[in-house]
Amino acid sequence: GLPPKIAKTVRDFRTERTWKTMSEDSLSLERAVARFVVTYTHADIDAATLEAVKGLIKDQFAIQVGASVLPWSQKTLAFRSPRPGKATIVNHTAKGAAVDAAYVNASYGHGFEYDDFFGNAHPGCAVVPAAFAMAEEVGATLEDTITALVVGYETYVRIGKWGSPAVLNEGWQPHAIWAGFGIAALAAKMYGLSEDETFHALAIALSHASGPTEYASSGGSIKRIHAGIAVRNGIESAELARAGITGPRNFLTGNRGLYKMFCDKDVGPEAIADFLPGAPNLMPGLSYKAYCCCACTFSYIEAMQGVQDRAQDIERIDARVQTMVNSIVGTRNANIYTPRNIEEVQYSLPAQMALSVLGKGNGFQAHHAILEGKLDLGAGSEVREMLEKVKIEISPDLDAKYKYFVADVDVRYKDGTTQHIFQEQSTGSPMKPFTPEAHLKKLDDLTEQVIGLEQAHRLWALVDAMDPATPVSALTALLVPGA
């Protein structure tokens with residue numbers, strides 16, 4: 001209803017501003033993030049990032065398939081009762097509305113502590129299901145889908161970079177905090193929102209941020225659903241912005257913005273550089289999980305693998321840990337020595353170290369056995385007796401030296417000797433990447449019983465080809481048995 005000249009001015013302001021129209025001095029972090037989302041193109045995806053995208057999609061698809069049969073996954077599907085739509089729901093014949101399918105598939109993707117991680121958080125279980133569900137809904141090409149996926153991932157981890165590990169140390173699950181922003185960015189890209197609309201989608205995401213880590217201490221399958229909740233909230237943040245709802249201008253840096261509220265940090269203009277043209281993509285630095293438990297435990301698991309032949313000779317295990325490790329799998333948890341459910345097992349450093357040194361395994365099959373009551377961790381069991389030998393001490397020295405997970409362990413034997421073990425990162429990390437064979441074994445273990453290896457391998461071939469002419473539906477159809 002505006003006069004044509006004024007209407008054009010408004011359109012120009014919303015959609016045609018460039019980096020040159022605002023000086024670096026006046027560019028806020030919040031505006032820089034929105035502009036990054038709008039201006040990012042497929043050409044910004046370099047070869048290393050494209051390879052990371054392929055690996056991430058395969059890893060997530062496999063986890064979604066494998067976790068779809070778990071009891072809390074089935075309860076999530078029944079609860080969500082997806083509305084009819086165009087988006088594929090993994091291991092389910094009926095399609096659903098994008099936001100519902102993304103909610104369910106993301107919950108599957110985060111459903112058994114087996115999903116990728118970057119820093120302290122889990123971008124893949126949010127961006128992969130959201131990108132593919134929305135692509136089916138809006139009819140996006142595979143190229144546009146991948147671009148939106150990378151935009152969502154990069155927004156997630158670049159915002160998260162400035163709050164980690166402080167958010168975790170405060171007791172929040174970083175994934176539940178950062179994911180809403182990443183998915184708001186992804187959805188804004190999918191919907192083709194203007195810079196201002198994208199800005200407000202990200203600002204609205206602040207109002208959805210939440211997710212305490214009490215599940216690590218006293219259990220609760222709700223942790224599995226944190227991904228679904230965040231994906232839903234991110235998509236709806238973009239939809240609210242598209243409808244004209246606005247959010248606070250200083251949603252990241254305000255005195256009641258993201259960083260101040262969740263980790264009491266003042267993040268200054270130095271963070272803007274992460275969102276300027278030419279900033280490197282961070283996705284190639286992602287890590288895959290080799291074990292079905294918190295990534296904080298992985299270096300300790302591998303440290304214990306080296307002393308399995310002397311397990312019966314162990315008298316005591318002293319584990320020095322970083323504050324961020326203790327916050328999520330250590331003494332801050334009430335039941336690390338008496339785990340009563342699968343969540344407490346997966347978030348108990350002593351339990352995971354005991355499983356490893358006794359050769360019980362820390363992967364998909366071992367945790368299924370625990371879930372089904374086939375592996376005893378109760379009083380008097382050999383696992384319980386071993387985990388009680390693990391003593392945890394927070395190490396300021398490790399905090400100061402390492403921003404990623406390491407293990408520092410002294411094993412004391414009954415003959416009076418001591419063995420010191422230091423383990424830097426773990427299998428699946430950039431420092432110790434999966435071999436193609438090791439990753440394929442993980443994918444096969446997750447998919448064989450649900451969709452079969454022949455169908456799964458057809459899916460991996462399509463992902464590896466990443467042909468822009470391939471319809472998105474050609475990939476998603478293979479997530480349902482019998483395709």
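Modeller: A residue is buried when its relative accessible area is under 20%, exposed when over 50%, and partly exposed in between, using a 1.4 Å probe and protein chains only. The model is predicted, so local features need pLDDT of at least 70, side-chain atom pairs count only at pLDDT 80 or more, and totals for chains, interfaces and linings use all residues. Residues are numbered from 1 along each chain as its sequence is written, and side-chain values use heavy atoms, with hydrogens and water left out.

Now the rings. Rings of Phe, Tyr and Trp (its six-membered ring) pair if their centres lie within 6.5 Å; planes under 30 degrees apart are stacked, over 60 edge-to-face, the rest tilted. The whole structure holds 17 aromatic pairs. One of them is F112 with F364, edge-to-face, 5.8 Å centre to centre and 90° between the planes. F112 sits in the loop between α5 (98–109) and α6 (124–138), while F364 is in helix α18 (residues 364–371). Helices here are DSSP runs of H or I, at least four residues, and strands are runs of E, at least two, numbered from the N terminus. The two partners are 252 residues apart. Both F112 and F364 are buried.

W72, F112, Y114 and F364 form one aromatic cluster. A charge sits over a ring if NZ of Lys or CZ of Arg is within 6 Å of the ring centre and within 35 degrees of the ring normal. R224 lies over the face of W72, 4.4 Å from the ring centre. K442 lies over the face of Y114, at 4.3 Å.
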